[in-house]
Amino acid sequence: MYMYRFLMTIILSAVLTSCGGSPEPAQPAAQPAAPPPAPSPAPASQPPAAKAGWTVTDMRTPESVYLDEASGYLFVSQIDGAPDQKDKKGRISKLGLDGTVVAADWFTALQAPKGLRSFGGTLWVADIDEVVGIDIATAKETARIKIDGAKFLNDLATGADGTVYVSDMMDNKIIAIKDGKVSVFAEGEQLEHPNGLFVDGERLIVGGWGTPIAADFSTKTPGHLFMLDLKTRQKTLITKQPLGNIDGVEQEARGGYLVTDYLAGKLIQVGQDGSSRVVRTFKPGLADHTFLYAQGDILIAPHMNENTVAAYDIGADMK
């Protein structure tokens, strides 16, 4: 019996060995596949390059065209009615420098918006008796500042410190707004019913409309182009003789200024020495323009009476 058990043990061991009785080592569990990499974000669209030769229609009494250099887009204030009427029909449109309409109703519910300038990502607009701040990235209102006693806020400029200057043409005043606080920067007949404004270093360049102003906005004496020292507020004439019913004031690369005479429809170049020459003549209603001298002397002009904004290459006309 013992021998029988011994033989059976040997035989069973041999069978198990030949059948692979030893268990194989466990295989590691399969790892889940790694997720595919996230797609790279699409590059931000670039604003179109500037070019001349285009006209945008359905600009409703366009008063001011302004290039916000940080975003690369144009903004156009449109009165859409009478310049002193509170009807909430006014708007601002956003355009490309090639004349494409990015957003016709970029910002609405204004009264009769006019001058435009930006500072620190905020677009400021003069609107009869208020100055409105709009975030350029979102087109959302960020400030609305009431100017007590204002009669006809017109053009607007911004200083290097963020001060907003706005002309009250009918009240012979220039208002300053700093950190939301309103003050009178200058006032009186010596301002010649100020319209166009432009900050040039430590000077505020002012385009006078002229005196006195009749019901049809004509004047007996046209306005001068002059400057006010930002510290002393002293007035210095740039043009020794009256120049016109000045609306837009922009700098140009030759050291002087390019201004518009609204009633005469004239685009006028003013030299550093105060000399002046007519560059081009358009129909009456040539308002607050933009001049792209770095992009090849391109004038972008709002034609208020024609409800258009147009771009012109005036390089051959400049001196």
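Modeller: Two strands are taken to pair if DSSP finds at least two bridges between them. The model discussed here is predicted.

Biologist: Over how many bridges do strand β8 and strand β9 pair?
Modeller: β8 covers residues 130–135 and β9 covers residues 140–146. Pairing requires at least two bridges. β8 and β9 run in the antiparallel sense, and their bridges number six.

Biologist: In the hairpin of β8 and β9, which residue takes a positive phi?
Modeller: Four residues lie between the two strands of this hairpin. Most residues other than glycine have a negative phi. A positive phi near 60° is taken here by Ala139.

Biologist: How many bridges join β3 to strand β4?
Modeller: β3 also has strand β2 (residues 62–68) as an antiparallel partner, with six bridges, one of them between Pro62 and Gln78. Towards β4 (residues 90–95) the strands again run antiparallel, and Ser77 stands opposite Ile92. The number of bridges joining β3 to β4 is five.

Biologist: What is the phi of Gly72 in the turn of the hairpin formed by β2 and β3?
Modeller: Four residues lie between β2 and β3. The phi of Gly72 is positive, at about 85°.

Biologist: How far is the nearest side chain of opposite charge from Lys114?
Modeller: Lys114 lies in the loop between β5 (101–110) and β6 (116–119), and Lys114 is buried. A salt bridge needs a side-chain nitrogen of Lys or Arg within 4 Å of a carboxyl oxygen of Asp or Glu. Lys114 has no salt bridge, and Asp127 is the nearest oppositely charged side chain, at 5.8 Å.

Biologist: Which residue has its backbone oxygen 2.6 Å from a polar atom of the side chain of Lys114?
Modeller: The Lys114 side chain reaches the backbone oxygen of Ala112 at 3.0 Å. Beyond its neighbours within four places in sequence, Lys114 is in contact with residues including Glu63, Ser77, Phe152 and Asn154. The backbone oxygen at 2.6 Å belongs to Pro83.

Biologist: What is the average twist in the open sheet β10-β11-β12-β13?
Modeller: Its four strands are paired antiparallel, and the edge strands β10 (153–158) and β13 (181–187) each pair on one side only. From one strand to the next, the twist averages 25°.

Biologist: With which residue does the side chain of Arg203 make a polar contact of 3.0 Å?
Modeller: Arg203 is in strand β15 and is partly exposed, at a relative accessible area of 29%. Apart from neighbours within four places in sequence, Arg203 is in contact with Phe198, Met227, Leu228, Leu230 and Tyr257. The side chain that joins Arg203 in the polar contact of 3.0 Å is that of Tyr257.

Biologist: What is omega for the peptide bond that joins Thr211 and Pro212?
Modeller: Most peptide bonds are trans. The bond between Thr211 and Pro212 is cis, and Pro212 is in strand β16 (residues 210–213). Omega is about -25°.

Biologist: Is Asp297 buried or exposed, and what is its relative accessible area?
Modeller: Asp297 is found in the loop between β24 (290–292) and β25 (298–303), with a positive phi near 60°. Asp58 also has a positive phi, near 55°, but counts as partly exposed at 46% relative accessibility. Asp297 is buried, with a relative accessible area of 9%.

Conventions
Residues numbered from 1 in each chain as written. Predicted model: local features only at pLDDT ≥ 70, side-chain atom pairs only at ≥ 80, totals over all residues. Heavy atoms only, no water. Buried < 20%, exposed > 50% of the residue type's maximum accessible area, 1.4 Å probe, protein only. Lys, Arg positive; Asp, Glu negative; His and termini not counted. Polar contact = N/O pair within 3.5 Å; in protein donor to acceptor, adjacent residues only side chain to side chain. Contact = heavy atoms within 4.5 Å. Axes fitted to C-alpha atoms, helices over the stretch in contact; angles between N-to-C directions.
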